[in-house]
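Hi there,

Here is the structure I promised to pass on. My notes on it follow below.

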Amino acid sequence: MKPGPSTIFTMDSELYTESDTGRDARSRREQVYSQLRRLVMAGHFPYGQRLAEERIAEQLQVSRTPVREAMVRLHADRLLHRYADGGFYIAEPDLIDLRDLYELRLTLELRGLSRARESNYQHDVGIIEALRDRWRSIRDNQPEPDPSFVELDESFHVTLSRSSGNFAITETLETVNARIRPVRMYDFLTVDRITLSIAEHLGILEAVLIKDLVLAENRLRDHIGASMDVVEKRAAHAITQMALNRRTPR
């Protein structure tokens with residue numbers, strides 16, 4: 001059964017009985033941020049609803065400070081909007097331009113690969129090998145599903161682009177990434193998507209290292225296309241949940 005408004009913030013109180021200093025305080029802030037982010041992305045709050053700082057702090061059995069800090073971070077993540085008086089409310093995932101931006105992203109990344117098939121352009125092998133070693137390490141110590149995995153994923157694609165030597169393409173890619181990041185977070189909420197993304201990254205790098213750039217392009221196209229499909233479905237589900245909660249009596 002889906003938790004109701006009075007229970008969705010219930011967490012293990014043992015996590016929140018430590019002193020508010022040093023490592024314990026940092027851990028508490030991260031716990032609050034992660035929990036609130038997941039609830040926002042799951043659509044537990046209606047779009048446009050002001051988040052009640054005091055109520056959330058009471059439900060989580062923490063002071064208002066880590067809750068306020070979490071909201072500020074979620075605003076920076078573009079998951080929350082801010083009222084003029086400083087309060088926060090839920091930002092509905094923006095799917096309107098998603099396909100266009102994914103198309104632009106794919107075009108930029110494919111160009112980074114294809115230019116190495118033209119003239120004297122070559123990928124920086126040192127960068128590619130270091131990137132491969134990093135993602136092998138990530139594969140061997142796979143992180144838990146979490147929206148923040150989007151940062152690792154972006155770093156892969158930006159570094160791959162940078163290895164092609166066209167920094168204008170890379171800068172434009174970073175701009176596109178920033179625009180779609182709030183929605184792309186929905187891609188990394190399950191183990192299977194983390195596992196598959198890591199494997200696909202390594203497959204792309206292996207193709208580049210053996211200089212089979214057609215294979216690399218095909219693998220990149222499949223990788224980005226699959227990601228877009230997952231993101232659209234999960235973000236649309238979150239929007240539906242927001243609409244349902246908007247009609248739920250409180």
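A word on burial before anything else: a residue is called buried under 20% relative accessible area, exposed over 50%, and partly exposed in between (1.4 Å probe, protein chains only). Please keep in mind that this is a predicted model, where local features need pLDDT of at least 70 and side-chain atom pairs count only at pLDDT 80 or more, while totals for chains, interfaces and linings use all residues. Residues are numbered from 1 along each chain as its sequence is written, and side-chain values use heavy atoms, with hydrogens and water left out.

First, the overall picture. The protein has nine helices and two strands, in the order α-α-α-β-β-α-α-α-α-α-α from the N terminus. Helices (H or I, at least four residues) and strands (E, at least two) are DSSP runs, numbered from the N terminus. Of the 250 residues, 45% are buried. The accessible surface is about 12,900 Å², with 49% of it belonging to carbon and sulfur atoms; areas come from the Shrake-Rupley method with a 1.4 Å probe, and for residues only the protein chains shown count as cover. Taking contacts (heavy atoms within 4.5 Å) between residues at least 6 apart in sequence, 75% join residues at least 24 apart.

Next, the salt bridges, meaning a side-chain nitrogen of Lys or Arg within 4 Å of a carboxyl oxygen of Asp or Glu. The whole structure holds 17 of them. One of these pairs R37 with D146, with the closest N and O atoms 2.5 Å apart. Because R37 sits in helix α1 (residues 22–41) and D146 in the loop between α5 (125–140) and α6 (149–162), this bridge ties together parts 109 residues apart in sequence. Both partners are buried: R37 has a relative accessible area of 3%, and D146 has 16%.

D85 and R50 form another bridge, at 3.0 Å between the closest N and O atoms. D85 belongs to the loop between β1 (80–82) and β2, and R50 to the loop between α1 and α2 (53–60), so here the parts tied together are 35 residues apart in sequence. D85 is exposed at 57% relative accessibility, whereas R50 is partly exposed at 42%.

R132 and D133 also meet in a salt bridge (3.3 Å, N to O). R132 is buried at 18%, but D133 is partly exposed at 40%.

Which residues gather in a patch of negative charge on the surface? They are E92, D94, D97, D100 and E103. Such patches are made of residues with over 30% relative accessible area and no salt bridge, with like charges joined within 9 Å (nonpolar side chains, namely Val, Leu, Ile, Met, Phe, Trp and Tyr, within 5 Å). Asp and Glu count as negative and Lys and Arg as positive, leaving out His and the chain ends; a charge is placed at NZ of Lys, CZ of Arg, CG of Asp or CD of Glu.

Finally, some backbone angles to look at. Most residues other than glycine have a negative phi. R78, not a glycine, has a positive phi of about 70°; this residue lies in the loop between α3 (64–76) and β1 and is partly exposed at 46%. K211 likewise has a positive phi, near 65°. K211 is in the loop between α8 (191–209) and α9 (213–246) and counts as exposed at 59%.

Enjoy looking through it!

Best wishes
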